[in-house]
Amino acid sequence: MVMPRTNAVRSRQGLSSANAPRGPFPASAPPSAPASNSGSDVCGLDFTREDVDGLVNEKMRTRNKFQYKERCDQMMDYIKRLRLCIKWFQEVEGGYILEQDNLRESLEALEKKCSNIEVMMQNKEEELNAIIIELRNNYTLLEEKCSKEESDKLGVMDEMSREKEARIAAEKLKASLSDDLRKALQEQQHSDEKIASLNDTYKRLQEYNTSLQQYNSRLQTELATANETLKRVEAEKAVMFDNLSIMRGQHNSVLDQLTSARASQEEAVKQKEALINEVGCLRTELQQARDDRDRQLSHVQSLTNEIAKYKDHTGRSLSEVDCLTMKSNELEVKYSAQNELVRTLQDQLAAAHKKLQMSDVSATETRKQYAEQNNIICDLQNRLSDAESKLKEGELLRKKLHNTILELKGNIRVFCRVRPLLPDEGLNADTKIISFPTSTEAMGRGIDLLQNGQKHPFLFDKVFLPDTAQENVFVEISQLVQSALDGYKVCIFAYGQTGSGKTFTMMGKPGNPELKGLIPRSLEQIFAARQSLQSQGWKYELQVSMLEIYNETIRDLLSTTKSSFMENTSGKQHTIKHDTNGNTHVSDLTIVDVHSSKEVAYLLDKAAQSRSVGKTLMNEQSSRSHFVFTLRISGVNESTEQHVQGVLNLIDLAGSERLSKSGSTGDRLKETQAINKSLSSLSEVIFALAKREDHVPFRNSKLTYLLQPCLGGDSKTLMFVNISPESSSLNESLCSLRFAARVNACEIGVPRRQTNNLRSTESRLIYG
């Protein structure tokens, strides 16, 4: 059940005591603990995949099929266990999301954010540059238009001067012919007529000159507006550049911090290389010192030998001996100095070896730290991928359980879609009126509307953001479309005010494959599924019909005659009938057998050309009727002797609008009154269903009577409520959301599959 979140919490608190299990669970489901005070915690429960699959696939077992009370008790007990399972899954999902957020914050918070912001800024910069170029082109076009209008103005002024000269010449001619007035009365009358025509031409030229002046002033005003817009865009671009520079600075600082370890490692390697070079230089100097010492020793030895030789043989004088002694002493002093230098170099070599060892140790530690960091990053990435996969599996399981509960309850599912702001709306948007909650319970399902400082929260089965692609929207309803092939009645209709994007959601944009709507995508899926099921022995026949309800009159959009599009004529009068099996029949309605999606696309184009559209102040192409697309499916499997009958109804309702805003007059006024009346009847039906009244006014309008099997029967029904984010549409958006909440609260019965044996009665798919 979808309701505003405040009411949902209040109702869950009230039901927490009623949801306690009455008896033991069957063998396929785990035992549950009693619910907590808030109605959202599950104490001591731990469900496995086998438990959940057993709970989902559990079938009701009764001794007697007519004991409805026992079946009702079993159903209530089964629903309570499903709720406990969902509550447990929400807690597990919250834990997974919290763990995922922590991992992302520890791993990717800085680099990914900076890269995303930089890419976003670049895209924004490119968009702004494109806007500036476009504005400049518009500016040049306006200048060219102004120059052209000035030249035209000068030409008109020249022509006006020539006309003045012609008038003066005519007056002179009139004066010259006044003497011959009695002789040329006819010529005078002709001259008077010519003068009158010239005066009229002069007046027209004056009026044209005035209109040109007004148009010139209007162009100047538009030029000034364009200049102001250009200045504003340039200012925004400057702000974006400032923000980009700030973010780049932050990014650079983060990169500096991240590369500090690498820089220290490179510095250690450089120090090691420098020390190795220094050691090599010291070794070279040591070798040179040793060579010098050897040379000095050899020199001293030679001198000593010479002294002895001279003392023994020549007996040189004492002065020469003293001189040699002095030289010997000097050589000894040099020898001692060389020894000191060698010792110093050896000490330096030992210190260099120690530094080299220390640098090797620091480099080894840096490598170890780097390897540990890489291991931690790999571990975090693996945990993150595991958490994401668990989160996806849990989300699929939650959707499956949620859809099971909705089918058991028989509620109408409601999806909300907010269209993006248009370019001209973005300039006038002062405040943001729509926000999307980020809590675990409401993420992807909640929407908040702000009105006069008061927040109105709503909770639906799914909420699509403005930037959601058409493909992602279709993924959410693809299983519902598949149910039509399985033999169920399926109805999907779009509701909302005019200009909120209903037709775009259902039909899409012609000519653009990426913007195809739900109807073309549903047909492609059905034809693809039909092709794949042929290998299993299934054969399907598909029939298409399209109609519109215009001013409470049914029109056949596939009719080959024009009488069905004209009111108050002798054409066919289509009537609606419902049989006891819940099938709908529309008399004299054209039904076409289709075999491919191309044939359906051709029929859709034909129906779109025949559909009633009009222009209002709120929408350039406003749908002025309710469009109903019906696909009837008949499947036969001869090997299993099964026969299924499914119906897929895709409905694009006309948008509600206020006369004060739409400015409708004449035929548009009648159309608006008929649309609002039928939508009011739909509201009355929904209110009656929500209050469980005995009488539901389905016959108040053709629309509600046609939708009776979808709203009050055994059909799977989904409603798209389309919302406009524009602040001027706040009241209409609030009314649409409140209506959607009431629709989501309606229980229409459990969907029933239409299947029988091949030997049973004929197919009930053919209408009228």
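Colleague: Why are helix 9 and helix 11 called oblique to each other?

Modeller: In this predicted model, local features need pLDDT of at least 70, side-chain atom pairs count only at pLDDT 80 or more, and totals for chains, interfaces and linings use all residues. Residues are numbered from 1 along each chain as its sequence is written, and side-chain values use heavy atoms, without hydrogens and water. The axes of helix 9 (residues 470-485) and helix 11 (residues 518-533) cross at roughly 50 degrees and come within 9 Å. Angles under 35 degrees count as roughly parallel, over 145 as roughly antiparallel, 65 to 115 as roughly perpendicular and the rest as oblique; helix 9 and helix 11 are therefore oblique.

Colleague: Which residues of helix 9 and helix 11 meet?

Modeller: With contact taken as heavy atoms within 4.5 Å, residues including F474, I477 and V481 of helix 9 meet residues of helix 11, among them L518, I526 and A529. By class, this contact has eight nonpolar, five polar and two charged residues.

Colleague: What is the order of the strands in the open sheet?

Modeller: The three strands have the order 2-3-4, with antiparallel pairing. Strand 2 (434-435) and strand 4 (454-459) each have a single partner strand, so they stand at the edges.

Colleague: What makes strand 2 and strand 3 a pair?

Modeller: Two strands pair if DSSP finds at least two bridges between them. Strand 2 and strand 3 (residues 446-451) have two bridges, in the antiparallel sense; S435 has D448 in strand 3 as its bridge partner.

Conventions
Axes are lines fitted to C-alpha atoms, for helices over the stretch in contact, and angles run from 0 to 180 degrees between N-to-C directions. Helices (H or I, at least four residues) and strands (E, at least two) are DSSP runs, numbered from the N terminus. Ala, Val, Leu, Ile, Met, Phe, Trp, Tyr, Cys and Pro count as nonpolar, Asp, Glu, Lys and Arg as charged, and the others, Gly among them, as polar.
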